[in-house]
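Keep the 3D view open while you read, and turn it around as you go.

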Amino acid sequence: MRKKICKIYECSEGDIIASDVYTSSGVFIVPARTAFNEYIRMKLESLNVRQIEIYDWAGSSKVSSGSDDENLKRDYCEKVNIIKSVFLDIAAGRELNLAIIASIAESIYSEIYSNYDLAKCISFVKDADKYTYTHCLNVSIYCMFIAKWLKMNDNEIKDVIKSGLLHDIGKAKIPQYILNKCGPLDDDEFEIMKKHPELGYELIYPISSIGDKIKKAVLMHHERENGSGYPMGLHSEEIEQYAKIVAIADIYDALTTKRVYRPKLTPFDTFKEIESIAMGENLYDLKILLSFLTNISTYYIGAKIKLNDNRYGEIVYIPPYDISNPIIKIDNKYINIKNEPELKITEVL
């Protein structure tokens, strides 16, 4: 995708910033892939930034039409149904259809430069009744984002996508009454659930066409940096990188998805929770986590939100060093949520 230098006053609402923006003294202001808006214009001008690099869309529309959204939903749902069929085949004792998994992975990879559409798709298709299958698809998409942001090569990105698609394949061997329980698992049920990484590994271990790193990702995606994970209690240096990527994609999608026994968290509450866990308990690889949070937060610029006082607004800016406290526009007023402790984002629309 081509890029071009554009004067700040020439930039249009919705232009996608192509490179990270810094002040002349090197202070990070706006991440790449952020959608330009009036608030960002004012902020850049106040910091004496005169020009930025944006993507040159060569006349194409930057905003998806309603029909585009419907096509996106349809394609997403088709992928979910295919993943469901793979799980049901395994549950019935049939072999893993690796060709289907590879086809879905290739399809996801082919959309690597349509990140905004993919992220949007995840946000508007959340089906609690098909959680296991939507979760595998969502995790694979987040894994693709992370691998791209870590500047992994094309083959590695494709393998990380497959790792995300396959990470919970062992749940096909978990009893349905546990998978579909309308409430938290008890201790015995949780012990059974904790077997899914090993069950998944056993399923794919004999398949020579699946790379060793993908197999380890399936086995290790619940391992944690401080050794508190399962099934082996591994520490940081012992955990495969693909597994570390899947672990972060896994927790983010789980927290931001509604379950039958709990509501979903907003992305901003999720940012706070993951940051708190990461800093306090050392569960996730910090480099990978920071790359993910910094980049994924930019996809919510322009999102419509609802506040706890029933007002509606729009996110116009997310400070790179304080991503859980966005700047919100309500009518013609800009509000820094950090300075309004009584206000809380209750929903991202």
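What follows looks at helix pairs, then a sheet, then a few local details.

Before we start, keep in mind that this is a predicted model.

## Helices that pack together

Let's begin with helix H5, residues 131-149. H5 packs against helix H6, which covers residues 154-166. H5 also meets helix H13, made of residues 286-297. Another pair to look for is helix H10 (residues 212-220) with H11.

| Helix pair | Axis distance | Crossing angle |
|---|---|---|
| H5 and H6 | 7 Å | about 155° |
| H5 and H13 | within 10 Å | roughly 105° |
| H10 and H11 | within 7 Å | roughly 45° |

How do H5 and H6 lie relative to each other, roughly parallel or roughly antiparallel? Angles over 145 degrees count as roughly antiparallel, and these two helices pack at about 155°. H5 and H6 are therefore roughly antiparallel. Their crossing is right-handed. On the H5 side, the contact uses Cys136, Leu137, Val139, Ser140, Cys143, Met144, Ala147 and Lys148, while H6 brings Ile157, Val160, Ile161, Gly164 and Leu165. Sort the residues of this H5 and H6 contact by class and you get 10 nonpolar, 2 polar and 1 charged.

The link between these two helices is worth a peek too. Lys151 sits in the loop between H5 and H6. For background, most residues other than glycine have a negative phi.

H5 and H13 cross at roughly 105°, so they count as roughly perpendicular to each other. Tyr142, Phe145, Ile146 and Trp149 of H5 make the contact with Ile288, Ser291, Phe292, Asn295 and Ile296 of H13. The class count for H5 with H13 is 7 nonpolar, 2 polar and no charged residues.

That leaves H10 and H11. At roughly 45°, H10 and H11 are therefore oblique to each other. Their crossing is right-handed. Lys213, Ile214, Lys216, Ala217 and Met220 of H10 touch Tyr242, Ala243 and Val246 of H11. In the contact of H10 with H11, 6 residues are nonpolar, none are polar and 2 are charged.

A cis peptide bond joins Tyr230 and Pro231, with omega at about 15°. Most peptide bonds are trans.

## A pair of rings

Time for some aromatic side chains. Across the whole structure, a search turns up 19 aromatic pairs. Take the rings of Tyr252 and Phe292: their centres are 5.1 Å apart and their planes stand at 80°, so this pair is edge-to-face. Tyr252 belongs to helix H11 (residues 241-255) and Phe292 to helix H13, so the pair ties together parts that are 40 residues apart in sequence.

Next up is an open sheet of 5 strands with antiparallel pairing, in the order S8-S7-S6-S5-S9. Which strands form the edges? Strand S8 (333-336) and strand S9 (345-348) do, and each pairs on one side only. On average, neighbouring strands in this sheet are turned by 40° against each other, direction ignored.

Strand S5 (residues 304-307) is joined to S9 by 3 bridges, and the two run antiparallel. Here Ile305 stands opposite Val348 in S9. S6 and S7 are also antiparallel, joined by 3 bridges. Ile315 has Ile328 in S7 as its bridge partner. S7 and S8 pair antiparallel over 4 bridges, and Ile328 stands opposite Ile335 in S8.

S7 and S8 form a hairpin with 2 residues between them. In that turn, Asp331 has a positive phi of about 55°.

Finally, find helix H1, residues 38-46. H1 lies across strand S6 (312-317), strand S7 (327-330) and S8, and runs at about 40° to S6.

Conventions
Residues numbered from 1 in each chain as written. Predicted model: local features only at pLDDT ≥ 70, side-chain atom pairs only at ≥ 80, totals over all residues. Heavy atoms only, no water. Axes fitted to C-alpha atoms, helices over the stretch in contact; angles between N-to-C directions. Parallel < 35°, antiparallel > 145°, perpendicular 65-115°, else oblique. Contact = heavy atoms within 4.5 Å. Nonpolar A, V, L, I, M, F, W, Y, C, P; charged D, E, K, R; others polar. Left-handed = near helix turned anticlockwise from the far one by under 90°. Pairing = 2+ DSSP bridges. Phe/Tyr/Trp six-rings, centres within 6.5 Å; stacked < 30°, edge-to-face > 60°.
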